[in-house]
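Thanks for coming, everyone. Have the model open on your screens, please. Let's begin.

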Amino acid sequence: MEAAPFPISRAALARRTGLSKPTVSALVSDLEDAGVVSLISPERSQGRIGRPALPYALVPEAALVVGVDMGATKIIVGIADLLGRVVAEDRIKTASDAHAALGAVAETTTRLLSQLGGKDHLLESGCVGVPGVYRPAADRVEMSPNLAGFSDLPIRAELAGRLGIPVTIENDVNLAAVAEAEAMDDAGSLDFVAISVGTGIGAGLVMDGRLYRGSHGAAGELGSVDISGPSLDGGPRLTLEDVASAPAIRRRFRRSLAEGRPSRLGRDAEVSELLLAASQGDDAASEALGVAAEAMASAAASLCWINDPARIVFGGGVGSNPIFVDAVRSKLGNYLDVSPELVASELGNRAAFLGAVSTARASVRMTFVQGRLSKGNRP
């Protein structure tokens with residue numbers, strides 16, 4: 001699996017595992033019989049004397065995993081092979097509550113497997129990203145204001161029972177951070193923060209190359225940070241999500257219009273339209289973006305003071321827009337002497353889904369070979 005997609009010889013396997021060559025040959029034969037690996041026709045190098053090494057490669061379609069990004073407004077469900085290649089995918093509207101959303105995930109997974117020719121028996125593992133904090137001991141999702149109904153839903157047990165596979169539940173922005181780390185190829189992947197800005201706001205923290213969840217799994221709940229400051233009259237609490245999320249930007253734009261600021265856009269314009277108009281000098285749109293960017297810069301600065309990331313990657317429907325990132329960057333210097341690198345995610349709104357696929361594949365690595373050999377049959 002580590003060598004995939006490239007082939008590896010039995011001799012190389014013996015060196016890397018420390019096993020004897022006869023043992024490796026026997027195990028490779030068992031894996032080949034089980035349909036997990038296949039022999040690749042060796043190409044004899046010109047001028048080479050002696051018998052060429054026999055290279056074997058992982059059979060990517062020997063097992064499948066399902067990755068899910070359960071967002072507040074949409075759900076991505078995808079089936080991927082052992083190399084992480086997505087072979088079937090669908091995007092569905094999120095139901096009104098978590099129970100119905102979970103049922104839709106199970107139904108969509110079954111339908112996608114059927115479209116692949118009834119490959120249900122190849123499904124080995126799954127991972128679901130949720131818009132909240134997952135408590136493994138209770139098997140419950142908490143702090144999910146944008147999708148109701150999690151309080152009495154044992155989500156992992158319920159979905160594992162419906163699909164008949166082990167299922168991992170993880171915060172969606174944590175999964176986005178996993179995908180972003182895999183997409184990086186430099187030192188920035190060791191210490192960075194992935195901030196997702198969309199219907200909600202959250203952050204995934206990677207420290208020393210490891211995802212940091214905190215002692216209760218709630219690390220990175222940036223959207224819940226109180227930005228209202230001390231209030232002498234007991235006024236309402238104002239969070240970052242109330243000011244810088246997609247719904248908040250739309251509300252602020254409508255307020256700007258009501259206050260008389262001019263705009264070429266209608267009051268029901270999408271955030272992407274608002275951001276583009278702001279970059280072109282639209283008064284009302286610029287004011288709405290400026291308020292959101294100021295709040296985000298302040299919150300991001302607080303993160304930087306605490307864990308000093310080398311990079312902040314903005315993702316989500318709003319965050320991955322370079323115009324939003326540029327606006328935050330222009331204000332962050334007011335809070336920090338030395339700012340981290342700010343970039344828009346190249347994975348866009350697929351980051352959490354790709355992180356779910358990666359996490360499901362990682363769990364397969366621990367159990368797949370033993371389970372497939374014990375079944376003693378080919379896929």
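Val66, Val68, Gly126, Cys127, Val128, Leu159, Leu163 and Val167 form the lining of the largest cavity. On a 1 Å grid over the protein atoms alone, a cavity is a set of points where a 1.4 Å probe fits but cannot get out, and lining residues have an atom within 4 Å of a point.

Before going on, the ground rules. This is a predicted model, where local features need pLDDT of at least 70, side-chain atom pairs count only at pLDDT 80 or more, and totals for chains, interfaces and linings use all residues. Residues are numbered from 1 along each chain as its sequence is written, and side-chain values use heavy atoms, with hydrogens and water left out.

Back to the cavity. How much space lies in the largest cavity? About 30 Å³. Volume here is the space filled by probe spheres set on the grid points, which are joined across faces, edges and corners. The structure holds one cavity of 30 Å³ or more.

Which elements supply the lining? Strand 4 (64–70), strand 7 (123–130) and helix 4 (155–163) each give at least two residues. Strand 7 has the largest share, with three residues. Helices (H or I, at least four residues) and strands (E, at least two) are DSSP runs, numbered from the N terminus. By class, the lining has seven nonpolar, one polar and no charged residues. Ala, Val, Leu, Ile, Met, Phe, Trp, Tyr, Cys and Pro count as nonpolar, Asp, Glu, Lys and Arg as charged, and the others, Gly among them, as polar.

Now follow helix 4 to its partner. The axes of helix 3 (residues 98–115) and helix 4 come within 10 Å and cross at roughly 25 degrees. Axes are lines fitted to C-alpha atoms, for helices over the stretch in contact, and angles run from 0 to 180 degrees between N-to-C directions. So these two helices are roughly parallel. That label covers angles under 35 degrees; over 145 is roughly antiparallel, 65 to 115 roughly perpendicular, and the rest oblique.

Next pair. Helix 9 (residues 283–307) and helix 11 (residues 322–332) pack at about 60 degrees, with axes 8 Å apart. They are therefore oblique to each other. This contact has 12 nonpolar, one polar and two charged residues.

Last, two backbone details. Most residues other than glycine have a negative phi, and most peptide bonds are trans. The bond from alanine 4 to proline 5 is cis, with omega near 10 degrees. Proline 5 sits in the segment before strand 1 (8–9). Aspartate 208 is not a glycine, yet has a positive phi of about 55 degrees. Aspartate 208 lies in the loop between strand 12 (201–207) and strand 13 (210–212).

Definitions and conventions. 1 Å grid on protein atoms, 1.4 Å probe; cavity = no way out; pocket = protein on both sides within 12 Å on 5 of 7 lines; lining within 4 Å.
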